[in-house]
Amino acid sequence: MFQITRFVMEDFIDSLDQVIYIVSFKKRYMVYNASRRRLVCSDVLHMGAGKAPLDLITTDNLSVWTRTSRYRVNPDENLAPRALTYREAVVESRDRYDMHQMMRRLLLPASIDNSRLDRSERNLLIHRVDRVIEGYARKHDSNADSPPSSSATFKDSWYQHPVAYKLAIKTYRDFGHLVARAKAGDESITNDDLRSTFFNLANRYSDATSHVENAFNAIEGMGDMEITHCDCGHYEDSNNTHDVRNDTWCDSCFDDEAVYVEDQNEYWPRDDAYYCESDDNYYSYERTDDDDDDDDDDSDQPIMSYSTNVLNVLGNESGIKSSHFGEFTMGIELEMTSGDNDSYCAAELVRSRLGSAYCIIKSDGSLPSNGFEVVTSPHGLATHIEKFKAWEIDPAYRAWNTGKCGMHVHIDSRAFTQLTLGKFLMFINSSGNVDFIRKIAGRHPAVDDQARSYCAAEHQSILANPKKAVKGKSGERYRMVNMCNLGGREAQRLGLSMDNSYNGKYNTVELRIFRASLKKERLLAQIEFTHASVMFCRVASWRDLNGTSFVKWLKTVAGQYPALTKWYGVRNVHTSTPTVIAPAQDTCSDAVPLAPSQVSRFAHGHDHRYAFEIPYDDGDGMRDYANRYGLHFTFFRVIGLQLAVFPYGGNDEHISEIDVIYVRDNDMWRLQEDSFNELIMGHDPVPANSVSE
């Protein structure tokens, strides 16, 4: 389960050898100094693909771990790195406690340290992990003693010592009595008394988020307490708070984690900013020396390399500070080919016509040999429409019919709250919106092979509500909505599952649905659709995230989206003149091909396409179908119905909400809609060995 690798590092200045352990679990590890009985590095580290503990034992790593260059791996063959058993490590280090602490850190998820888990969930998880470690210790060392079990719980917290338990009760009780006296009119209780008592409670039991919040709510209406519940999760004197990007932080978090971002003229979370060693400053984009040199060398080329960062070449001078309640910036990537023209000449001409201060041209290996990618700097909607509307497009250029060109729009993530993002995911990915999305996008993964490779849809089971959509969002890049460009703190703010590794550079939400078109009607409508979709999701009920509701909403804001208005043939609801507009979606020459006849569908969003009907054939029809595609299924019976179930939930004994279900209808098996699962689950379906049972 755990691996413990021992080696000796030599101090070639003072000649003091030190025994070092690398304690690892899967690809996570921690480094421990057994001679000094302390952690060399307090963080959980990751080995990386193809690495093993022995590969980590290098002089370079010692310099990082010890922050000096005075150590090296001891060359003595008798002190060569080797694996230790758990008992050997405990006996040599005489520090079972620290060994268990490292094991606990390696087993616990990263989310244990952030505010997304309340105290009760956190303690239950830690309690369960402790039981695993105790069992491991007893199995590998007969002398291992079990630590004392929790003696009591209070306010969802576990207490192993009676003194700590009694202190918690007293602290909460004293605060409650003080608030009760103040509300009863006791004038001897001042605001300062309430503030100091609250801060004592909040600081001592900061993990008990719900109970501390209840205490805060109890005094919030009792006058101006000058206490702010900060976005970092802590409570702070209102005079000591700080603005960090779009959030309010307490003084301690500001000192520890906030940095000044030069190009934005504001403070940002350290994890969201990029440090530049050459000038010892932070920026909103990566400005390493090597990248700057590469971009400088590349900037005079008609087609720059794929790795070129548009922000390094053009900067970010939109003048717009994106927010989740106001305007926001977008960056556009439009893939195209030069047709019969020379690609370098075409690229140079495209950039000069769109504006050399507005976009760059990059190569992209996924495009045809004469293809390139137009990449704009971040700007507001008005600038993008102005530039692309005025663009003189050579009729020889191609995009729509190449089979490989798409348009991706990067939306500044600050445009979203958790709720807006959840609704946006539902709106774009819902199977009920396939036709609506496909008409504007020109493709859809449920219908078109081109889209399926580059922008797959989310599993439909996560789209039940906005919160579930965000929590269940896939961390894969090639999705209709790609979140891989987010940094860790921004992903956490938006409520994404931190099981995925969010270490992107740009903090953008990328919409990848569009098939690239050089026809102005579709191109401008697609750009406006991106902006309008975010604005629609901010105000729409999550139960109305469909094409009909979107077009109704569009009528109320038609003046803001002229190209999109023409696309759908709608007019402003405030217009008194009854005009009829021919929808551009019907007249655009880049027409969307008709969807193929639907004889099957991706049931419940799974990878396999299921036929709507399968012949019964005495039960053998379903067996032949499953064998043909290498699928597993089982029979069920319920309320007189015969079911054939493909158990994606992983259980042959029970039906889950994500299973694929067929119902026998005389001589045919018929595929059921998603809603059938929940309906039938309430009637206790019984497994059957054969269809005849």
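Residues are numbered from 1 along each chain as its sequence is written, and side-chain values rest on heavy atoms, with hydrogens and water left out. Because the model is predicted, local features need pLDDT of at least 70 and side-chain atom pairs count only at pLDDT 80 or more, whereas totals for chains, interfaces and linings use all residues.

Helices (H or I, at least four residues) and strands (E, at least two) are taken as DSSP runs, numbered from the N terminus, and two strands are said to pair if DSSP finds at least two bridges between them.

Eight of the eight residues of β17 are buried (under 20% relative accessible area, with exposed meaning over 50% and partly exposed in between; 1.4 Å probe, protein chains only), so the strand is largely enclosed by the rest of the structure. In a regular strand the side chains alternate between the two faces of the sheet. In β17, Met330, Ile332, Leu334 and Met336 point one way, while Gly331, Glu333, Glu335 and Thr337 point the other way, and all are buried.

Helix α14 (residues 434-441) and helix α18 (residues 520-539) have axes that come within 9 Å and cross at roughly 130°, the axes being lines fitted to C-alpha atoms, for helices over the stretch in contact, with angles running from 0 to 180 degrees between N-to-C directions. In contact terms (heavy atoms within 4.5 Å), Phe436, Ile437, Lys439, Ile440 and Ala441 of α14 meet Arg522, Ala525, Gln526 and Phe529 of α18.

A nonpolar core is a set of buried Ala, Val, Leu, Ile, Met, Phe, Trp, Tyr and Cys residues joined through side-chain atoms within 4.5 Å. Of the 82 residues in the largest such core, Phe388, Phe424, Ile428, Phe529, Phe550, Leu564 and Tyr568 touch the most other members, and α18 gives the most to this core, with nine residues. Leaving aside neighbours within four places in sequence, Leu564 is in contact with Ile440, Ala525, Glu528, Phe529, Ala532, Phe550 and Leu554. Apart from this core lies another, of 26 residues, among them Phe2, Met30, Leu84 and Ile126.

Most residues other than glycine have a negative phi. Lys26, in the loop between β2 (16-25) and β3 (28-33), has a positive phi near 55° and is exposed, with a relative accessible area of 67%. Asp684, in the loop between α23 (675-681) and β30 (686-688), likewise has a positive phi near 55° and is exposed, at 60% relative accessible area.
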